[in-house]
Amino acid sequence: MLGAVAQGEPSTALILFMTYDCDGRRRKGVCSGFMADQTTAEQPGLFLQPSTHFHPPSDMTRAMIMVGPGTGIAPFRGFLHDRQVHGASGSNWLFFGEQHEASDFSYRDEIDGWRRSGHLDRLSLAFSRDQADKIYRTGAMSGTSIEKDDQA
C-alpha cells in the first residue's frame, strides 16, 4: 500500500488520542498515549512491516468489502485510494463505526466524496452512542445500521 500512499501524496495524518477514567484513574491508549506524550524534539521510530494477507483484491474488477473491527479506517482509506488511482471497476462497500457521528466520523468529507462519485458503492454506518439502542458494526452487518446508499 505504500505505492498508493506515494501516488496519492497525502499531506496530513490524523492520530486520534483517547483518554478514559477507570477505577478513578485517568487511562489512555498505549500507542496514541505514547505519541501524544512525545515532544517535538523527540522522533519515535517508525517500522514498516509488509502484510501478505491484508490488501485489496489484485483483480480490479472484484468487489471489495471493508469492515474495521476496531482497527480504524486508515487501511481502508488506503485501499480506496489505491483502487481509485488504478481505475478499479469492482464495487466497494465500507462498514464504519464510532461512538458519535458528529464528533467521531473522521474523513467524512472524503468518504462522502467517494459516495457522490460512485467510487464507494455502499456505506454502512454504526454510531453506537447516538441513540438509546446502541448500534455496532456487527449490527451494521446484520442490517440494523444506518445505510447511506440513498445519499449518493
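These are my notebook entries on a predicted model of one protein chain.

**Ground rules**

I number residues from 1 along each chain as its sequence is written. Because the model is predicted, I need pLDDT of at least 70 for local features and 80 or more for side-chain atom pairs, while totals for chains, interfaces and linings use all residues, and side-chain values rest on heavy atoms, with hydrogens and water left out.

**Entry 1: the whole chain**

I began with the overall layout and found six helices and six strands. Helices here are DSSP runs of H or I with at least four residues, strands are runs of E with at least two, and both are numbered from the N terminus. Along the sequence, I read the pattern as α-β-β-α-β-α-β-α-α-β-α-β.

Next I looked up burial. I call a residue buried under 20% relative accessible area, exposed over 50%, and partly exposed in between, using a 1.4 Å probe and protein chains only. Of the 152 residues, 27% are buried. The chain exposes about 10300 Å², and carbon and sulfur atoms supply 53% of that area. The areas come from the Shrake-Rupley method with a 1.4 Å probe; for residues, only the protein chains shown count as cover.

I also checked contacts, meaning heavy atoms within 4.5 Å. Among contacts with a separation of 6 or more, 57% are between residues 24 or more positions apart.

**Entry 2: aromatic rings**

How many aromatic pairs are there? I count five. My rule takes rings of Phe, Tyr and Trp (its six-membered ring) with centres within 6.5 Å; planes under 30 degrees apart are stacked, over 60 edge-to-face, and the rest tilted.

I looked at F54 and F79 and found their ring centres 5.1 Å apart with planes at 50 degrees, so this pair is tilted. It links distant parts of the chain: F54 sits in the loop between α2 (30-37) and β3 (64-67), and F79 sits 25 residues away in helix α3 (residues 74-85). F54 is partly exposed at 42% relative accessible area, whereas F79 is buried at 4%.

F79 also pairs with F76, this time edge-to-face, at 5.8 Å between centres and 80 degrees between planes. These two are three residues apart in helix α3, so about one helical turn separates them. F76 is buried, with a relative accessible area of 5%. I note F54, F76 and F79 as one aromatic cluster.

**Entry 3: charges**

How many salt bridges are there? I find one, taking a salt bridge as a side-chain nitrogen of Lys or Arg within 4 Å of a carboxyl oxygen of Asp or Glu. The partners are E110 and R77, whose closest N and O atoms are 2.5 Å apart. E110 belongs to helix α5 (residues 108-117) and R77 to helix α3, so the bridge ties together parts 33 residues apart in sequence. R77 is buried at 19% relative accessible area, while E110 is partly exposed at 22%.

I then looked for charges over rings, where NZ of Lys or CZ of Arg must be within 6 Å of the ring centre and within 35 degrees of the ring normal. R77 turns up again, over the face of Y107 at 3.7 Å from the ring centre. The charged end of R122 sits over the ring of W93, 3.8 Å from its centre.

**Entry 4: around N92**

N92 lies in strand β4 (residues 92-98). Is N92 buried or exposed? I find it buried, with a relative accessible area of 2%. A63 is 29 residues from N92 in sequence, yet their C-alpha atoms are 5.9 Å apart. Not counting residues up to four places away in sequence, N92 touches M64, M66, L80, R83, H119, L120, D121 and R122.

I followed L80 into helix α3, where it is buried at 1% relative accessibility. L80 and N92 are 12 residues apart in sequence and 7.9 Å apart from C-alpha to C-alpha.

H119 is in the loop between α5 and β5 (122-127) and is buried at 10%. A polar atom of its side chain lies 2.8 Å from the backbone oxygen of L80. Beyond neighbours within four places in sequence, H119 is in contact with L80, R83, Q84, N92 and W114.

Notes: A polar contact is a pair of N or O atoms within 3.5 Å; within protein, one must be able to donate a hydrogen and the other to accept it, and residues adjacent in sequence count only if both atoms are side-chain atoms.
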